[in-house]
Protein chains: 2
Amino acid sequence: MIFDKIKEQFNPELIYVNNFIHDNLNSDVELINDISEYIMLFGGKKIRPLITILFGKMFKSDINSISAIASAIELIHTATLLHDDVVDMSEKRRNKTTVNNVWGNKESILVGDFLYTKAFQMMVKTNNFNILKLMSDTTNIMSEGEIIQLINKNNILIKESDYFKIIRGKTAQLFSAASSSGGIISNIKEEYILSLSNYGLNLGIAYQLIDDMLDYSTTDKKFGKNICDDIIDGTYTMPFIHYINSNEKKKKKIIKLLRENNKENFLEIKNLILNSDSIEYTFNLSLFYANKAENALMSIPKNEYTHLAKDIIKFIINRQY
Amino acid sequence: MIFDKIKEQFNPELIYVNNFIHDNLNSDVELINDISEYIMLFGGKKIRPLITILFGKMFKSDINSISAIASAIELIHTATLLHDDVVDMSEKRRNKTTVNNVWGNKESILVGDFLYTKAFQMMVKTNNFNILKLMSDTTNIMSEGEIIQLINKNNILIKESDYFKIIRGKTAQLFSAASSSGGIISNIKEEYILSLSNYGLNLGIAYQLIDDMLDYSTTDKKFGKNICDDIIDGTYTMPFIHYINSNEKKKKKIIKLLRENNKENFLEIKNLILNSDSIEYTFNLSLFYANKAENALMSIPKNEYTHLAKDIIKFIINRQY
């Protein structure tokens, strides 16, 4: 597993981040601890903090600052998932019952707010104003992305440009911040910050495209989501957008199938798209952005971490879950 | 109206803040503008920004910084209301239909997040690190207060100490920040900041006690909430806590009445409490905190704004809605 190999390189730092999160989330309020522990226990890949650690180490930032930011970014990510799962009424995430499903929507909203604000407290600890500027901008764009997604829920005719606004906002922006923050804390020159930012942004777009593709193409349980949730949810992503825009007949057929809200029709749509060239198109698009991410690295002098930054791109492109 | 008179003193600054909020909330996303405008149009008393303006002027802070912070504080307040109304499933606030009721819960959650993050963007603009530290701490304590409130929902036997944790968190902390931030941006000495902070904290406690009292004692529509929502919601505040702890017989009677979930019983409880000394007790308690707020002002050399800070206390204590 390429990802495990990358993680191994930063094992001490990842443990440091885990401990940092654990210590900082400790509250007198039992419910907060319970939910925090539940989230941490079934936590995701921690790819965002890993990226911050990677670039933090590349530019010789101190471990305390790296940890604070990497932790804050992971908490922001988690907070958005908590709110997302309420908005989407999700029952499962990564094959585990969601917090809103175990505790409730109210708990998810408020603990989400708690994590958001805790993340800002952590960032204040870095004493770096540029980090706070970056992260307040980032979280604002993220919430805008979520809102655009909500507006386009059940919008079969969603424009490709709106789809890109959504994935830039909800996903790519935080990848971008995870990348650039690693350098910002070391006060590297503006040009490098921009390169890191571009690396993360394009990586994030590639990541989300793959995610949306996997929602169609994954057949096993590894993905941790119900298969093709997106169609059921009325969330129309790249494979769908490409398919219905490829010709008028296909569009009409899909619209007709969606008129009846039943499982067989959803499955038929999924299979139509799966057997079309829209999956490949989405994959190629993600390759295009992966390539942009790799190019962004070129303006930074090659160093011992460069190949790992490239490995992350490879992992994202090749992941099956 | 004492409050209108105080407001008149800061009319230019309040207009400046309104414009600042309006300009900063402007988004490409129509839904955000619609909800923002709706909130602004039916906005509240704006007592928090007024407090920031008052102390900002007292310590000769510049209008741009004052406006940015006052606006951010109002947005944080609004964001918590949006999330609160989802958590409480409120249909009305200040006699107007709530955002969750007009648009939906999802919209309220995400636009709440948008306003939260926008507030942090505004604060970054002040270029003052202490403000960001204050506000990240404040918002975190606020969310903790909201969570303690949620945990104690329907807890008839809620402890007085938990009630105070809740109102300190959800209300008093932001009043405290609204007060101290007015001085922090002018880099006044620590001792004065502490005084402002104490003024706001105690004022906020008094404010919430009056709010909770009014939920029992208001009979007209001015209050903008359904009468005695708190009992119906299972939110047990000071008048209730005092009443059932005053003797064992009363407690048993209330528990019995609450066992049946009907409107007549709710009304009976309301009237029992209304005709007891628990309303007066709550009012006296708020006077106690109002007095503490006034005392906190004493360590700051008397100036042309002191009497207005005292007038705000008077307004809060005497308000009928």
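Helices here are DSSP runs of H or I with at least four residues, and they are numbered from the N terminus. Before I go through them, please keep in mind that this is a predicted model, in which local features need pLDDT of at least 70 and side-chain atom pairs count only at pLDDT 80 or more, while totals for chains, interfaces and linings use all residues. Residues are numbered from 1 along each chain as its sequence is written, chains are lettered from A in the order in which they are written, and side-chain values use heavy atoms, with hydrogens and water left out.

Let me begin with the salt bridges, meaning a side-chain nitrogen of Lys or Arg within 4 Å of a carboxyl oxygen of Asp or Glu; over all chains the count comes to 16. In helix α8 of chain A, D137(A) and K133(A) lie four residues apart, about one turn of the helix, and they form a salt bridge whose closest N and O atoms are 2.8 Å apart. For accessibility, buried means under 20% relative accessible area, exposed means over 50%, and partly exposed is in between, using a 1.4 Å probe and protein chains only; D137(A), at 24%, is partly exposed, and K133(A), at 41%, is partly exposed.

K153(A) pairs with D88(A), the closest N and O atoms being 3.3 Å apart. K153(A) is buried at 19%, whereas D88(A) is partly exposed at 21%.

In chain B, K57(B) forms a salt bridge with E13(B), with 2.7 Å between the closest N and O atoms, and this pair links helix α4 to helix α2, 44 residues apart.

What, then, lies between chain B and chain A? The buried area, which is the accessible area (1.4 Å probe) that two parts lose on being put together, summed over both, is about 3,600 Å², and carbon and sulfur atoms give 75% of that. K106(B), L110(B) and F129(B) supply 18% of the area that chain B buries against chain A, more than any other three residues. Taking contact as heavy atoms within 4.5 Å, 37 residues of chain B touch 37 residues of chain A. Between the two chains the count is zero salt bridges. The side of chain B that touches chain A draws its largest share, 14 residues, from α8(B).

Technical notes: Helix = DSSP H or I, 4+ residues; strand = E, 2+ residues; numbered from the N terminus.
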